[in-house]
Amino acid sequence: MNGRFGLEINDALIKDYTTYKLSGTIKKVVFPSSISQLQALLNYLKKRKIKYMVLGFGSNLIFTKNYDGVVIKLDKLNELKIDNNLVRVGAGYSLKKLAVKTANLGLSGLEFAAGIPATVGGAIYMNAGAYNSAMSAIVKDVLIIDDQLELKTLSNRELDFGYRTSLLQQHDYICVSATLELTYKNKGEILALIKERKKRRLESQPLEYPSAGSVFRNPSGDYAGRLIEQLGFKGKKVKGAMVSKKHANFIINIGDASGADVKKLIMKIKDKVKKEYDIDLIIEQEFIE
Ligand SMILES: Cc1cc2nc3c(=O)[nH]c(=O)nc-3n(C[C@H](O)[C@H](O)[C@H](O)COP(=O)(O)OP(=O)(O)OC[C@H]3O[C@@H](n4cnc5c(N)ncnc54)[C@H](O)[C@@H]3O)c2cc1C
């Protein structure tokens, strides 16, 4: 490829591209610097049947082994244009940064996102959310590259958002940018809400350790963390992967954990919860096998 499709890094470390900071390597990471370069890269990879994936901040992923394909990072697709209450933003833009930026302009809608370490593209893919809000509440439309490598605009309705799901998960679509529709509110109130939630997260989540946030979705009418804690899992380890003592629905990397260690621990918890409570916990994090 020789840099034809943007900056390339060979034999990268998974820990440099994911929030779990797991061990292992990625064969190649490419940073296309324009949509057309991204389309050309996808065309190249598809034609040669080379394995690839798009990576945001890697804040929801568990690489269970070395990745022998191409990881595409959209960090350079990070343009931002704010036109009154409409925010046009590239998929590679940091969601946290955007939440603070819009809050400072008195634009409300992204308060929930100020503690989510995601890219805009990854957050739309996952319909990331918190505090009873989610990306689906603010996305007006999204520009994607479809499986035929055509650019298409999808409206909020077409994106078929659900709880931590979107149409992007059902198709081979890549989000390149989005338009968000925010509302004007008192800037002081927006910033105060963000501050209070940040404090709550710091108090309740083990943010001092590498993790990928909540491991399981909450089952209806209950909390995954409560069930896991009740079964005595807090502090339980598989090598460098440990169930947080602060929040039982977080697995943290306390040493040189591998994705296989994290997976093993997740499966132990899932099996035990099924056995003891007959509840099938749904894993919120994504395994890259
Ligand atoms: C400390 C911590 C707290 C968290 N809190 C929350 C929370 O409150 N709420 C919540 O919902 N999540 C939370 N998460 C999980 C995570 O941040 C979200 O799932 C987020 O949406 C992942 O975004 P990302 O950009 O890192 O995507 P990645 O993890 O890199 O990728 C996730 C998936 O999205 C795909 N993807 C990424 N970018 C694109 C794109 N441009 N087009 C198409 N597909 C793409 C990837 O291929 C992958 O399948 C937390 C994580 C951490 C570490």
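1. Which element supplies the largest share of the shell around the ligand? That share, five residues, comes from α3. Helices (H or I, at least four residues) and strands (E, at least two) are DSSP runs, numbered from the N terminus.

2. The model is predicted: local features need pLDDT of at least 70, side-chain atom pairs count only at pLDDT 80 or more, and totals for chains, interfaces and linings use all residues. Residue numbers start from 1 along each chain as its sequence is written.

3. There are 32 residues around the ligand, and Gly56, Ala118, Gly121, Gly122 and Gly213 come nearest (a residue is near if its C-beta atom, placed from the backbone, lies within 6 Å of the molecule). At least two shell residues each come from β3 (52-55), α3 (120-126), β9 (129-130) and β13 (174-181).

4. By class, the shell has 20 nonpolar residues, 11 polar and one charged. Ala, Val, Leu, Ile, Met, Phe, Trp, Tyr, Cys and Pro count as nonpolar, Asp, Glu, Lys and Arg as charged, and the others, Gly among them, as polar.

5. An automatic or database assignment sets the domain bounds: domain 1 (7-73), domain 2 (80-192) and domain 3 (206-280). The centres of domain 1 and domain 3, taken over C-alpha atoms, are separated by 27 Å. Their contact (C-beta atoms, placed from the backbone, within 7 Å) takes 13 residues from domain 1 and 12 residues from domain 3. On the domain 1 side, five are nonpolar, six polar and two charged.

6. Tyrosine 131, in the loop between β9 and β10 (133-134), has a positive phi near 50°. Arginine 164, in the loop between β12 (151-155) and β13, has a positive phi near 60°.

Note on methods
Contact = placed C-beta atoms within 7 Å.
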